[in-house]
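Welcome! Let's look at a protein model together and ask a few questions about it.

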Amino acid sequence: MQIVDYLKEEILQENLKVDEQVPSVRELAVRLGVNPNTAMRAFERLTAAELIYMQRGKGYFVMQGAKKKILNERKKKLMNEMLPDLISEVKLLGIEKEEIIALFSESL
């Protein structure tokens, strides 16, 4: 899963763009210090999720729409998993709406 997350992050940051070749299984395994079989399983997951595709004899490439899929997945996780916990914590700590708005205004 760490390899999957790593490659998703590379796509999000546009270090890997649409139709750009992804590092080979062997290259990625060496770079990340993992077994090539582990890297291959990550590639299989990314292919099944339609984030990368394989061209026989050439390797794996970033699929059209991959970044949008990853963004939607991350937004959904934020909205459904992370925000409810954050809202509960904010209420528990008694943080006022104005404090949150001020913090966000400074950050953005």
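This is a predicted model: local features need pLDDT of at least 70, side-chain atom pairs count only at pLDDT 80 or more; totals for chains, interfaces and linings use all residues.

Guide: Residues are numbered from 1 along each chain as its sequence is written, and side-chain values use heavy atoms, with hydrogens and water left out.

Visitor: How are helices H1 and H2 oriented to each other?
Guide: Helices are DSSP runs of H or I with at least four residues, numbered from the N terminus. H1 (residues 2–12) and H2 (residues 25–32) pack at an angle of about 105°, with axes fitted to C-alpha atoms over the stretch in contact and angles running from 0 to 180 degrees between N-to-C directions. Angles under 35 degrees count as roughly parallel, over 145 as roughly antiparallel, 65 to 115 as roughly perpendicular and the rest as oblique. H1 and H2 are therefore roughly perpendicular.

Visitor: Which residue forms a salt bridge with Arg74?
Guide: A salt bridge is a side-chain nitrogen of Lys or Arg within 4 Å of a carboxyl oxygen of Asp or Glu. Here the closest N and O atoms are 3.0 Å apart. Arg74 lies in helix H4 and its partner in helix H1, so the pair ties together parts 65 residues apart in sequence. The partner is Glu9.

Visitor: Is Met82 buried, partly exposed or exposed?
Guide: Met82 sits in helix H4 (residues 66–93). Buried means under 20% relative accessible area, exposed over 50%, and partly exposed in between (1.4 Å probe, protein chains only). Because its relative accessible area is 47%, Met82 is partly exposed.

Methods
Helices (H or I, at least four residues) and strands (E, at least two) are DSSP runs, numbered from the N terminus.
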